[in-house]
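Have a look at the structure first, then read on.

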Amino acid sequence: MAKTIGAFFSLYLATLILLLSSGLFNTYLGLRLTAASQSEVWVGAIIAAYYVGLVLGARVGHYLIIQVGHIRAYAACAAVVTADILVMALFDDLWFWLALRFIAGVAMVCLFIAIESWLNEQTENASRGTVFAFYMVASSLGTVLGQLSLGLFADLGNRPLIFVAICSVLSLIPIALTRRVHPALQVPAPLALRYYVARVPLSLTTLLIAGMLGGAFYGLAPVYGLGQHMDNDQVGVFLAVAVAAGLIVQWPLGWLADRMSRVRLIQVGAVVLFFLGVPLWGWQQFPYWALVGFSAIMGIVQFTLYPVGAAFANDNVDPERRVGLSALLYMVYGLGACIGPLLAGVLMRMFGPDVYFMFVSACAILLLGLVREKRVKGTHISEDAPTQFVPMADTLQSSHVMAVLDPRVDIQRDISHDPVVEVDLPDEATSAPRP
């Protein structure tokens, strides 16, 4: 364990610093715009623009690293992120901020691609799970610390922006000073859309809704917290508890996910999410400690939907095509993250902050209605199903390159780049329930 941490310490440290800055900024943005009496629609739109950049920037990141190498690409993109944040401190035009957040999303995903491809290239298959676990811990810890660091700032002026810019620059140091050899970059896998949609429609539905929940959480949960009369420090704790709970519970949930139907587990999570949201529809006011408890439960369900849905998808795709699957799962999740904050922002603008948890409950109803065991056909179950559940970091804050660190994926024999032979596939086909 110590050897693994030491071998990749510079990469883990850069990841932690990056996630600290992005975690702080996304929460700060919602708080600042709300304090300035801006519409929740603007909050959702600016958050969505960032996630659009994260999804669309993956190919840009691959191309840039191929052209100039990992360290130069990382340095250039870190400079773009830093300048992006500082420009936001100079100008308050929200349309300009919208464009800046899209640029920041593109640059941030390039940073993560550089780190993750480095990890992937220099990791043996036998130790892939250990490397992945520490990367996930560094990512989640950075996000939690980013929420808690809100307490360092008494006001919502430009000081948090300066802090975020400082973190972007500091993340350069461990990368620039690393002694690790430059890796070769994996060529991005093409998306054989028809093949994957036919194999795993229910998993893609799960990830789309999970992305909607995740995107709305980072953008609009801080607005909800202000509506419940929390101060900035309390809002940070409110979000940090959800992220931390989602991280901690992944290991016991993994034990459960390997022993019961994954569709049933998704349905149980949806039921919990629905009944969690109902008391928070505005019927009554809850004390702060109770809201923190609600946040922890929400984090447990919300941040485990992705790994459960990913494991379910891996059960139904040939082992040799799982790199391409992982890229598609990331893109579907990112698409949901773009839709979620926009939709939740419009609803909160129309009906008030309490609608946030109505949105959460509505997403739970969608999961219950669309992901049902009777729709499972078992037609394309893979030869190694059920695949092992693997804990996943907060996917909104990284790139789909991380998927190849998944110990279920053997990148040395993956054929995602090969053309898929077109065959007639049923409209709905996913794995049968586990006994």
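## Cysteines

Cysteine 110 is buried, at a relative accessible area of 6%; here buried means under 20% relative accessible area, exposed means over 50%, and partly exposed is in between (1.4 Å probe, protein chains only). Cysteine 363 is buried as well, with 1% relative accessibility.

How many disulfides are there? Taking a disulfide as a pair of cysteine sulfur atoms within 2.5 Å, the count is zero. Cysteine 110 is in no disulfide, and the nearest cysteine sulfur, on cysteine 77, sits 4.0 Å away.

## Ground rules

This is a predicted model, so local features need pLDDT of at least 70 and side-chain atom pairs count only at pLDDT 80 or more, while totals for chains, interfaces and linings use all residues. Residues are numbered from 1 along each chain as its sequence is written, and side-chain values use heavy atoms, with hydrogens and water left out.

## The overall picture

The protein has 17 helices and zero strands; these are DSSP runs numbered from the N terminus, with helices being H or I of at least four residues and strands E of at least two. Of its 435 residues, 60% count as buried.

Contact means heavy atoms within 4.5 Å. Among contacts between residues at least 6 apart in sequence, 88% join residues at least 24 apart.

## α13 against α17

Helix α13 (residues 262-277) packs on helix α17 (residues 355-370) at about 155°, with the axes 8 Å apart. That makes α13 roughly antiparallel to α17. The axes are lines fitted to C-alpha atoms, for helices over the stretch in contact, with angles from 0 to 180 degrees between N-to-C directions; under 35 degrees counts as roughly parallel, over 145 as roughly antiparallel, 65 to 115 as roughly perpendicular and the rest as oblique.

On the α13 side, the residues that meet α17 include Ile266, Val271 and Phe274, and their α17 counterparts include Phe357, Ile365 and Leu368. By class, this contact of α13 with α17 has eleven nonpolar, three polar and no charged residues (Ala, Val, Leu, Ile, Met, Phe, Trp, Tyr, Cys and Pro are nonpolar, Asp, Glu, Lys and Arg charged, and the others, Gly among them, polar).

## Two spots around α2

Threonine 15 is in helix α2 (residues 9-35) and is buried, at 0% relative accessibility. Leaving aside neighbours within four places in sequence, threonine 15 touches Ile115, Tyr135, Ala138 and Ser139.

Alanine 36 lies in the loop between α2 and α3 (40-68) and is partly exposed, at 47% relative accessible area. Alanine 36 and leucine 156 are 120 residues apart in sequence and 9.6 Å apart in space, C-alpha to C-alpha.
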